[in-house]
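Visitor: I have a structure open and would like to understand how it is put together. Could we go through it step by step?

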Amino acid sequence: DKNYNAIEKNSPVATKPSKKQTRVQHNQDDTQGLSREERAIHWVTTLGILSVCFVAAVLAPGVAIVWDIAGSSMAFLIQFIIPAACYIRLKRKVGRATKRVIHAWFLLITAILGGLVCTSQTIWRLTHN
């Protein structure tokens with residue numbers, strides 16, 4: 001790294017890092033640039049998510065229930081919500097909404113509502129049987 005930095009500082013042309021240097025840069029901790037408070041929030045949130053997942057896995061009477069809930073919620077997310085949100089993000093223009101962007105918003109809102117309805121119906125069906 002020292003040699004690369006010395007070369008980069010002295011060179012008028014930017015040089016491409018080696019595969020090893022790129023790998024080192026990508027493996028650095030994601031929380032490195034955060035403040036102490038933000039890092040604490042990150043770790044507490046991560047621990048909370050892991051705890052909820054662990055408790056849900058222990059309390060679930062069978063894997064079929066997990067697949068039902070995950071299937072009903074994730075299907076809408078993967079098939080409709082993420083593509084519509086990405087399209088809106090890529091095609092947004094300040095002050096101007098095209099016909100396709102309006103359709104994407106309609107799809108996004110409808111998919112969110114559909115995902116909520118199907119997930120709640122799955123949970124209701126599982127709790128009342």
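Guide: Let us begin with a term: helices are DSSP runs of at least four residues, numbered from the N terminus. Please keep in mind that this is a predicted model.

Visitor: Understood. How many helices and strands does the chain have?
Guide: The secondary structure comprises five helices and zero strands. From the N terminus on, the order of elements is α-α-α-α-α.

Visitor: What is the span of helix H4?
Guide: Helix H4 covers residues 63-91, which is 29 residues; at 1.5 Å a residue it should span 42 Å, and its end C-alpha atoms are 40 Å apart, so the two values agree.

Visitor: And where does H4 bend?
Guide: The bend is at Leu77 and amounts to about 40°.

Visitor: Which residues of H4 are buried?
Guide: They are Ser72, Phe76, Ile81, Ala84 and Ile88. Helix H5, residues 99-127, is among the parts of the structure that cover them.

Visitor: Which residues make up the largest nonpolar core?
Guide: That core has seven residues: Phe76, Ile81, Ala84, Ile88, Ala104, Leu108 and Ala111. H4 and H5 are the elements that each give two or more residues to this core. The largest share, four residues, comes from H4.

Visitor: What is Ile88 in contact with?
Guide: Apart from neighbours within four places in sequence, Ile88 is in contact with Val101, Ala104, Trp105 and Leu108.

Visitor: Changing topic: how many aromatic pairs are there?
Guide: The structure holds one aromatic pair. Phe76 and Phe80 form this tilted pair, with 6.0 Å centre to centre and 45° between the planes.

Visitor: Why are those two separated by about one helical turn?
Guide: The reason is their spacing: Phe76 and Phe80 are four residues apart in helix H4, and therefore about one helical turn separates them.

Visitor: Is Phe80 buried, exposed or partly exposed?
Guide: Phe80 is partly exposed, because its relative accessible area of 32% lies between the 20% limit for buried and the 50% limit for exposed. Phe76, by contrast, is listed among the buried residues of H4.

Visitor: What about Thr119: buried or exposed?
Guide: Thr119, which is found in helix H5, counts as buried because its relative accessibility is 16%, and buried means under 20%. Not counting residues up to four places away in sequence, Thr119 touches Ser72 and Ser73.

Visitor: Finally, how much of the whole chain is buried?
Guide: Of the 129 residues of the chain, 12% count as buried. The accessible surface comes to about 11,100 Å², and 66% of that belongs to carbon and sulfur atoms.

Notes: Residues numbered from 1 in each chain as written. Predicted model: local features only at pLDDT ≥ 70, side-chain atom pairs only at ≥ 80, totals over all residues. Heavy atoms only, no water. Expected span 1.5 Å × (residues − 1). Bend = angle between axes of the 7 residues up to and from the residue. Buried < 20%, exposed > 50% of the residue type's maximum accessible area, 1.4 Å probe, protein only. Contact = heavy atoms within 4.5 Å. Core = buried A, V, L, I, M, F, W, Y, C linked by side-chain atoms within 4.5 Å. Phe/Tyr/Trp six-rings, centres within 6.5 Å; stacked < 30°, edge-to-face > 60°. Areas by Shrake-Rupley, 256 points an atom, 1.4 Å probe, with all protein chains shown as cover.
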